[in-house]
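Thanks for coming, everyone. Please look at the screen while I bring up today's structure.

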Amino acid sequence: MRLAKYLKPYWWLAILAPLAMIGEVAIDLTQPSLMASIVDDGVMGGNLELIIRTGIKMLILVAFGGLCGILSGAFSITAAQSFANDLRRDLYKKVMSFSFEQTDNFTVGSLITRLTNDVTATADFVASVLRMFVRAPVFFIGGIIMMLTLNIKFGLVMLVSMPIQFLVIYLVFKKARPLFKVMQGKLDRLNSKMREDISGARIIKSLVRENEEIEKFHEANEDLLKVQYTVGTTFAFFGPALSIIMNISTVAIIMIGGYQVEARAMQVGEVMAAISYIAQVLMSVMMLSMTFMNITRASVSAQRILEVLDTVPSIKDGGFDGEEKVESIRFENVTFRYPASSGVPAVKNVNLEIKGGEKVAILGATGSGKSSLVQLIPRFYDVTEGRITINGRDVREYNLETLRNKIGYVLQSSNIFSGTVMENICYGNATYTEEEGMTAAKIAQADEYIQKFNDGYQTQISEKGTSLSGGQKQRIAIARALVKKPQVVIFDDSTSALDFKTEAKLREELNAQMGDTTVITIAQRIASVLSADRIIVLDNGEVVAVGPHKELMATSEVYRDIYNSQIREDAEV
């Protein structure tokens with residue numbers, strides 16, 4: 001019911017669909033009585049004119065009923081698909097508002113299943129409700145009324161058969177409902193496995209692990225199959241059981257009708273009509289039960305959808321949208337723990353100030369907290385303790401769009417989208433000009449190789465940038481950050497695929513073209529940070545030293561160890 005609001009804009013379709021269905025059912029209910037008239041008054045009475053006249057009337061009514069059925073289908077499908085479109089849009093919008101932590105909690109595979117399979121299940125339910133939830137009850141009530149008008153004794157058949165049918169329906173759905181939830185969970189796992197393997201196909205092939213991954217996929221697929229098999233066998237019993245009840249009821253109608261015909265209390269055509277009505281009534285119960293099956297599955301899917309819609313983004317938007325220049329970034333007693341880290345801080349008690357326009361490098365061993373620290377600035381995560389300020393204002397007070405527009409962030413992994421080179425470079429700038437895109441590419445040292453492409457900046461890039469080398473992807477990612485004209489640029493180990501000469505040119509152009517921009521560089525290579533104004537050394541999440549290269553060589557043992565592990569001890573400092 002909470003998702004019913006997505007059907008509200010299409011209320012007129014939601015009304016027309018069942019009205020058209022009522023028209024179709026009403027006409028179907030008149031057919032047995034017309035057929036009885038043909039048999040009893042036409043065939044038995046030898047009235048050819050009545051047979052022709054009634055037959056033409058039946059054909060006209062059938063044509064009109066068919067039109068009503070077509071319109072009902074069109075209206076219900078349009079309403080259901082529009083419902084799904086709006087729901088999927090809001091789901092995607094909500095997912096985009098999630099923090100990294102919340103996306104990880106749901107898992108990408110599960111979110112994909114909810115956006116696709118679960119939305120489809122709820123849309124199918126909406127279409128079913130608009131048609132079958134009207135068709136079945138009208139057939140059920142109308143059929144009983146029409147049958148009882150023929151002979152009240154037929155009610156005995158209904159009195160016996162209906163409770164048995166409803167008992168069968170109850171037992172089947174009681175067993176099936178929990179299975180649908182399990183099935184959706186297995187589907188989540190399968191989607192996650194497919195996504196993981198397709199994304200990591202190159203690593204799998206390079207390590208010759210195809211057979212092992214195929215086996216893991218086979219296990220996940222088999223788990224899903226077992227649940228689907230259980231659901232299938234449960235419903236395999238359902239159809240035949242209802243058919244048996246319907247056939248026994250039909251035999252009972254024939255027996256009662258036979259006695260009534262023999263006693264001249266009924267005519268043959270009326271018995272035929274009664275058989276048709278009992279078939280319609282019992283068939284309506286089957287249709288209603290199938291609709292309940294859709295309800296069972298849709299209720300599980302709706303619950304999973306609402307779990308996403310009800311999730312409150314952990315990164316809350318602030319109200320401040322000031323556009324002033326970044327003069328300082330301060331870390332004040334900052335501690336940060338990942339939610340799944342068992343309480344172990346990734347960053348501990350960091351006190352640090354970065355001035356506007358300063359070129360700062362962050363160095364440390366793997367796992368020392370370098371990326372964790374800088375991800376707190378644009379609020380990919382929020383601090384656990386302490387605060388981070390820009391110009392004295394807590395970053396949590398900033399409007400997220402305003403905050404992140406100040407920052408150009410180049411991630412460790414260079415995510416490239418399908419589209420042209422220019423579209424990828426200017427992805428973060430909706431008002432870009434091609435000249436701005438080319439300028440950013442020149443600073444990032446990407447222009448030279450882009451110009452060699454057949455179509456230059458209009459060259460189409462394949463999905464995930466598989467047609468580009470690692471260094472080419474990194475330079476496009478750097479250009480994408482620079483085209484925003486940010487006040488702060490963060491390089492999160494994003495020059496690792498560049499050679500020293502290209503990296504040196506990049507930094508030279510960056511200083512020349514964007515000299516007043518604050519630059520924060522995370523690097524594994526000591527040579528990448530030597531020219532920084534200050535180098536921040538992290539160890540186990542704590543700042544253990546800050547200063548220029550020469551000062552750190554004299555005062556920081558951790559820094560000297562890193563330096564000596566990469567540079568020959570007899571190299572000139």
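Let me start with terms. Helices (H or I, at least four residues) and strands (E, at least two) are DSSP runs, numbered from the N terminus. Two strands pair if DSSP finds at least two bridges between them. Now some background. This is a predicted model, where local features need pLDDT of at least 70 and side-chain atom pairs count only at pLDDT 80 or more, while totals for chains, interfaces and linings use all residues. Residues are numbered from 1 along each chain as its sequence is written, and side-chain values use heavy atoms, with hydrogens and water left out.

First topic, the sheet. Four strands form an open sheet in the order E2-E1-E4-E5, with antiparallel pairing. Strand E2 (347-355) and strand E5 (393-394) stand at the edges, each with a single partner strand, so one side of each has no neighbour in the sheet. Inside, strand E1 (residues 328-336) pairs with strand E4 (residues 385-390) in the antiparallel sense, over five bridges. Which residue in E4 is the bridge partner of arginine 330? Threonine 389.

Next, aromatic rings. Rings of Phe, Tyr and Trp (its six-membered ring) pair if their centres lie within 6.5 Å; planes under 30 degrees apart count as stacked, over 60 as edge-to-face and the rest as tilted. The structure holds nine aromatic pairs. Take phenylalanine 98 and phenylalanine 106. Their ring centres are 5.6 Å apart and their planes stand at 5 degrees, so the pair is stacked. Buried or exposed? Here buried means under 20% relative accessible area, exposed over 50%, partly exposed in between (1.4 Å probe, protein chains only). Phenylalanine 98 is buried, at 8% relative accessible area. Phenylalanine 106 is buried too, at 17%.

Now phenylalanine 336 and tyrosine 338. Their ring centres are 4.7 Å apart with planes at 75 degrees, so this pair is edge-to-face. Phenylalanine 336 is buried, at 2% relative accessible area. Tyrosine 338 is partly exposed, at 27%. Phe336, Tyr338 and Tyr381 form one aromatic cluster.

Last, charges over rings. A charge sits over a ring if NZ of Lys or CZ of Arg is within 6 Å of the ring centre and within 35 degrees of the ring normal. Arginine 393 has its charged end over the ring of phenylalanine 320, 3.7 Å from the centre. Arginine 507 does this with phenylalanine 491, its charged end 5.8 Å from the ring centre.
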